[in-house]
Amino acid sequence: MTPDVMGAGFPIGAVGFLFYLAASSIILRQGTVSPAVAAVGTAVLVYAGVVVGASFSRNANFWLVSIAFWFPSLVFLLCFGAVYKSVSLRILLDLRARPGEMDLYSAVLARYVLAESFECRLRVMEENGLAVHTSSGYVLTDKGRRLAKLASALQRLFAIERSG
Amino acid sequence: MVPHLNFTMSGTVAASFLVALSLPLLHLLVVRIGCLRGRNAVQFLVSVMVGIAVWTSILLFVAPARPNSGTEIAIGAMILGAWILFFLEIWALLSRGYTLSLLIAVYQAGRPLSAKELAHAYRRGEGLEWILRHRLAGLQSAGLVRQVGDHIILTPQFGRAVALTYRATVALLGLKATG
């Protein structure tokens with residue numbers, strides 16, 4: 001791996017990452033697709049564009065372009081996931097909005113855990129076609145059953161006894 | 001201009017990919033160590049630490065993988081780091097994914113579950129209150145909240161700072177709903 005090859009690949013991947021940040025923030029603000037799909041889908045599409053762009057550059061190295069793009073993108077996706085779906089961070093924000101920045105344990109449990117966050121997850125299951133709500137309760141769709149079966153198998157493989 | 005990409009890989013980069021890709025296999029061995037049974041987060045940490053130790057040893061002692069410059073070490077570290085983050089995302093989803101756990105609860109029940117039954121069946125019968133107990137324990141040990149009697153209180157400096165940073169990040173990302 002010669003220095004000029006390294007020099008060509010790295011900035012292309014880094015600029016690609018900055019473009020990804022800008023594109024995802026615009027798409028997230030539009031709110032037309034689910035935030036998780038927007039964040040991951042934009043990363044994959046921008047990466048494809050970066051690789052095509054890099055192929056027109058003088059002898060850019062594929063691995064360097066890829067790692068310069070994916071390392072910061074994965075850090076961003078990890079932080080995004082925490083901000084978007086973390087129950088713990090949401091509890092902090094909920095407490096911040098309460099008088100004296102405190103609340104009863106039972107109130108947090110009833111208002112956020114048993115209502116808001118639980119209902120949000122039930123909606124996510126339905127909106128993503130994983131489950132349907134029938135008169136007898138929640139029933140998994142074929143897609144939901146396949147996903148649950150795969151996740152259970154992976155949990156057994158990695159000795160994850162209980163999740164949540 | 002003819003499109004062309006260079007796919008050559010130095011020994012350091014190749015070794016970094018090899019160690020990174022073998023991390024799930026290493027984790028399969030670590031989860032079978034008796035004294036770590038049931039301690040999922042510790043198992044993951046041990047796998048990552050062993051992976052980093054193996055990577056360092058290969059770069060130090062295997063001649064073809066020896067780096068020629070600090071830049072090559074940094075690139076190798078980024079390759080390993082990127083794969084660790086990717087593996088962490090998948091592992092976190094499997095071990096802490098809330099929606100996935102609800103899905104598995106319905107699957108394991110083998111029959112339709114009402115919202116109330118689902119809330120009770122969560123985490124093999126521990127119920128949704130487990131989430132609050134578990135997350136509060138984490139928040140308390142991180143010094144973000146404290147519990148006084150029946151009340152949960154945001155700590156005045158660290159807790160407030162994290163809550164404000166979180167709120168600013170949500171606004172920056174333009175997220176309409178979180179948590």
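Hi everyone, let's start with helix α3 (residues 62-85) of chain A and helix α4 (residues 70-96) of chain B, which pack at an angle of about 40 degrees with their axes 9 Å apart. Axes here are lines fitted to C-alpha atoms, for helices over the stretch in contact, and angles run from 0 to 180 degrees between N-to-C directions. Helices (H or I, at least four residues) are DSSP runs, numbered from the N terminus.

A quick word on the source: this is a predicted model, where local features need pLDDT of at least 70, side-chain atom pairs count only at pLDDT 80 or more, and totals for chains, interfaces and linings use all residues. Residues are numbered from 1 along each chain as its sequence is written, chains are lettered from A and ligands numbered from 1 in the order in which they are written, and side-chain values use heavy atoms, leaving out hydrogens and water.

Back to our pair: α3(A) and α4(B) are therefore oblique to each other; angles under 35 degrees count as roughly parallel, over 145 as roughly antiparallel, 65 to 115 as roughly perpendicular and the rest as oblique. Ala, Val, Leu, Ile, Met, Phe, Trp, Tyr, Cys and Pro count as nonpolar, Asp, Glu, Lys and Arg as charged, and the others, Gly among them, as polar.

Next, how do α6(A) and α5(B) lie to each other? Helix α6 (residues 142-157) of chain A packs with helix α5 (residues 98-109) of chain B at about 100 degrees, axes 9 Å apart, so the two are roughly perpendicular. A:Arg145 of α6(A) and B:Tyr107 of α5(B) are among the contact residues, which split into 7 nonpolar, 3 polar and 2 charged.

Last pair: the axes of α4 (residues 87-96) of chain A and α8 (residues 158-173) of chain B come within 9 Å and cross at roughly 105 degrees. α4(A) and α8(B) are therefore roughly perpendicular too. This contact has 7 nonpolar, no polar and 4 charged residues.

Conventions
Contact means heavy atoms within 4.5 Å.
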